[in-house]
Amino acid sequence: LASTPWFAWSLATSLESQHPLMAVESTPNADAVLVLGGAIAAAQLPLQPHLGLGSAADRVWHAGALYRSGKARWVLLTGGNQPGQQDRPSEAEAMREMLRVVGVPDDAIRLESRSRNTRENASFSVAMVKEVRARRVLLVTSALHMPRALATFEAAFAGTGVVFVPAATDAEALGDVPDAASQWLPDANSLAWSGRAIKEYLGLLHVWVVKVMS
């Protein structure tokens, strides 16, 4: 069942529809744009001389568009390296390189380069948000990831007065209804898609359990 396009699409849509995508022009102004890692891999010379753009690279592109449209003064980047990759530039540094290319100046960018997951993205970003004195922050991540990311950041920043506004991008399910003739034919891509959606629901459950226990 999890391998069928219909199941994968239904599960993903239930997450992505919680925070519909907004055009850059319709996005409210804020003090900062905060972008989560998981989108770009740093270059590794000499064999991989360019940035590795993952399927979620829309996050960085969208953040650059928000900045160029004057939606916020600061762009905050959070993302470190996974275990065993400490010798490489961090995800935050790779995102900064791409943002430079799309016109975001260095003096508008701040980095958090230690985090390895969404929970650490949130907790390690507290100091960075305080540094720029942001009170209203546009949170940029993939639409599938946004419900868990928003809940995690709101929990980490509870009591600080910081307000997070979801600025989702990288939608996979919205507007892409499976073809009626093939929606019940299992395929590997649908299984992977279902797996990522289930991971997000388990992550939401974890956030809820931690909140209740605390």
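User: Which residues does L77 touch, not counting residues up to four places away in sequence?

Analyst: Contact here means heavy atoms within 4.5 Å. L77 touches V35, A92, M95, R96, L99, I109, R110, L111, E112 and M128, with residues up to four places away in sequence not counted. Before we go on, please note that this is a predicted model, where local features need pLDDT of at least 70, side-chain atom pairs count only at pLDDT 80 or more, and totals for chains, interfaces and linings use all residues. Residues are numbered from 1 along each chain as its sequence is written, and side-chain values use heavy atoms, with hydrogens and water left out.

User: Which residues touch the most other members of the largest nonpolar core?

Analyst: The general idea is that nonpolar side chains tend to be buried together in soluble globular proteins. A nonpolar core is a set of buried Ala, Val, Leu, Ile, Met, Phe, Trp, Tyr and Cys residues joined through side-chain atoms within 4.5 Å. Buried means under 20% relative accessible area, exposed over 50%, and partly exposed in between, with a 1.4 Å probe and protein chains only. In this structure the largest core has 30 residues, and V33, V35, I40, L77, L99 and V104 touch the most other members. At least two residues of this core come from each of β1 (32-36), α2 (58-68), β4 (74-78), α3 (91-101) and β6 (136-140). Another core, of 22 residues, lies apart from it and includes V129, A134, M146 and A168.

User: What are the strand partners of β4?

Analyst: Helices (H or I, at least four residues) and strands (E, at least two) are DSSP runs, numbered from the N terminus. Two strands pair if DSSP finds at least two bridges between them. Here β4 runs parallel to β1, joined by 5 bridges, and V35 has L77 as its bridge partner in β4. β4 also pairs with β5 (residues 109-112) in the parallel sense over 4 bridges, where V75 stands opposite I109.

User: Which way do the residues of β4 point?

Analyst: W74, L76 and T78 point one way, V75 and L77 the other way, and all are buried.

User: Why is α2 described as largely enclosed by the rest of the structure?

Analyst: Because 8 of its 11 residues are buried, α2 is largely enclosed by the rest of the structure. The buried residues are R59, V60, H62, A63, G64, A65, L66 and Y67. Their cover includes β1, β2 (40-41), β4, α3 and β6. Just after α2, G70 takes a positive phi of about 80°.

User: Where do R133 and D170 lie, and are they buried or exposed?

Analyst: R133 has a positive phi near 60°, as a residue in the loop between α4 (118-131) and β6. R133 is exposed, with a relative accessible area of 73%. D170, in the loop between β7 (163-166) and α6, has a positive phi of about 60° although it is not a glycine. D170 counts as buried, at 11% relative accessibility.

User: In which helix is M213, and is M213 buried or exposed?

Analyst: M213 belongs to helix α6 (residues 188-213), and M213 is exposed, with a relative accessible area of 70%.
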